[in-house]
Amino acid sequence: MLLVIPEMLGDQYLSRYGGAGSLQIFHPGILAASTAFAVILVFAASAGVIRRAAGESCAETVQYTGLKRQRKGRRKETQEKGKGASVQKERAKRISERRYRRRSAGMEILFMAWQNLTRYRRRFILTVLSLFLGAEAFLGVAVITAGSDHSHVIERRPDFMIAGQFGETGQELGYGNEYRSRDAGEDPLVTQGDPLFLLYDNDYDEFSPISAEVREELLNLEGVDREDSYVMEGAFMVPAFSRKAIRPLAESEETAIREDEVREGSVSFNYSEGTEWIEDFGPAVIQIISEKEISKLKTYVEQSGLLADMDSVENGTGVLILHDHILSREQEKWAEESVGEPVYFTGLLPKEDLETWNRMSEEEQRENEGSFSGKRSETFTLGGYLDNQGEGFPEIRQTWHGPESGIYFLISEAGFEKLPTGKKTLYMELEVEEEMEPRIKNQIREIIAEENRNREDMTGASIDGDNGEAGIFCISKSDLMAEAADQIRGSRLILGSISAVLLCAGITNYLNVMITGILSRRRELAVMESIGMTGRQKRRMLMAEGGFYCLITAALILTAGSGLLALIRGYMEARLSYFVWQYPVGWTMILLAGMAGICLMVPVAMVHRESESASKHGPHAHLF
């Protein structure tokens, strides 16, 4: 606990942090509790044996066999006394015929082996259960380890993911770098940041996280499959809501925005529309979704019984708000009430206008505020709020998102055409030919490095003008797999060790039962040899006993064990979306073969040992 385990696991989990020098997993309290439990368990198991050994006389202990006399209840004894003598004789005759009917020598050996096991029924059942539970724990851990392997979720990822980085200011605050230290099985584009930090140094209308030139250059690389690759398009715009539409995202029950938080000019009333608009939000992501994705969302809404106007989204008159499981039950009710409420969008300033605005003094900005504003879109209806972590939610790719990443809109192609802005490339996925992946990886890195150098040299539209545009980055599946390799090996090591310990516990219990059983039956075996049982017959009888243990345990593994594995499958699939079920056929065959070998060879080894002992001290020395 102090030296070996930290040394083994340190390289697996803490290699990025310099090893396991500070890993502390030894807790004296847990050791003391484990010791106390072991002492109590051993005392409880041995108390009955110690009491019997101390309380019985020598004559009683000589006659002790371990069998308990079956006592009949008074009611049963009274009923049997009332039966006629003829009935009792007939019953005794049937039992005698069944028990002592003639058998072949081989069948008689099997019958004797079975009788030997069922004489100690409680011990027999506990030993079988111990073997079964140990083997089943081993197989269960094998299923969990193989099914929950991070390689499964990484394999679902595209060969390359390209997205825009957060600007310099956002990175200084720690946003946008989460993907570098995040678990390989998690979505690398989940963030606590806001699109504001993505656009902080380049919040103008023409800005695209991935430029059109880079997009085409990446798609035109030799070996890139354009049909299977994915390009996400959309824009960044400032939304305005009716008070009822934004209410689900508000902290107050009475109003969508608390009055003490309303800044001057953020609330306006349009008399021609009859709507009170809540404005002055930061830029929001507006992502274009395909007809196929709209169809998936419609099916999901219908099957889940959610209230959402998918028809308006499909025909281009409505938009959806996607969130990362941030609404309470009460807010979800408000979300249903907000369906159909009006929403419109205002475009960001063109780069030239933004630079002019930033050069103005505060007084000049106040005087010219009305002249520097983005174009307003026509009014859309709110189709509803959808939780991307809801049960059964379809796979909809997203660019940067998260619980606090701002408001995220989904819009159809027809709806986006009504917005006063052009399409920007928000995110890309590239699928490439497997044999060309290493070469394409180098080419992608060169393209991205060149693009980032060019953006650093550009003068951004920020106030100080010192920061260049935010760059782009790439995540490759092969890199994720390499990063997860240590963790995968560590998980397999831990779970495999636990399962091996449980399996060894069952096998050790079997060895204990068989070895002590054979040793305690020396007198019985010697008597059987004296009346004609050969050494081969004795060996066959003991091997048959081991075979019965193996066959019954195997039957339990293949029947009840398969049922338990099915329960594990259902539980894991409910917990992990990327869990892959596969029945452990190989491990089951190896386990049963190993168990058969142990169950059959232990009696043979004991007989051989007893034969050597008898040759040294005489064939019947242990009778005396």
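Helices (H or I, at least four residues) and strands (E, at least two) are taken as DSSP runs, numbered from the N terminus. On this basis the chain holds 25 helices and 11 strands. The model is predicted, with local features requiring pLDDT of at least 70 and side-chain atom pairs counting only at pLDDT 80 or more, whereas totals for chains, interfaces and linings use all residues. Residues are numbered from 1 along each chain as its sequence is written, and side-chain values use heavy atoms, with hydrogens and water left out.

Of the 624 residues of the chain, 41% count as buried, where buried denotes under 20% relative accessible area, exposed over 50%, and partly exposed the range in between (1.4 Å probe, protein chains only). Four of the five residues of strand β11 (residues 472-476) are buried, so this strand is largely enclosed by the rest of the structure. Strand β11 pairs with strand β1 (residues 160-164) in the antiparallel sense over five bridges, pairing being assigned if DSSP finds at least two bridges between two strands, and Ile 162 stands opposite Cys 474 in β11.

Ile 162 is also among the residues touched by Tyr 427, together with Met 161, Ala 163 and Tyr 230, when residues up to four places away in sequence are not counted; contact here means heavy atoms within 4.5 Å. Tyr 427 is in turn one of the residues that touch the most other members of the largest nonpolar core, which has 44 residues, a core being a set of buried Ala, Val, Leu, Ile, Met, Phe, Trp, Tyr and Cys residues joined through side-chain atoms within 4.5 Å. A second, separate core of 37 residues includes Leu 117, Phe 124, Cys 550 and Leu 592.
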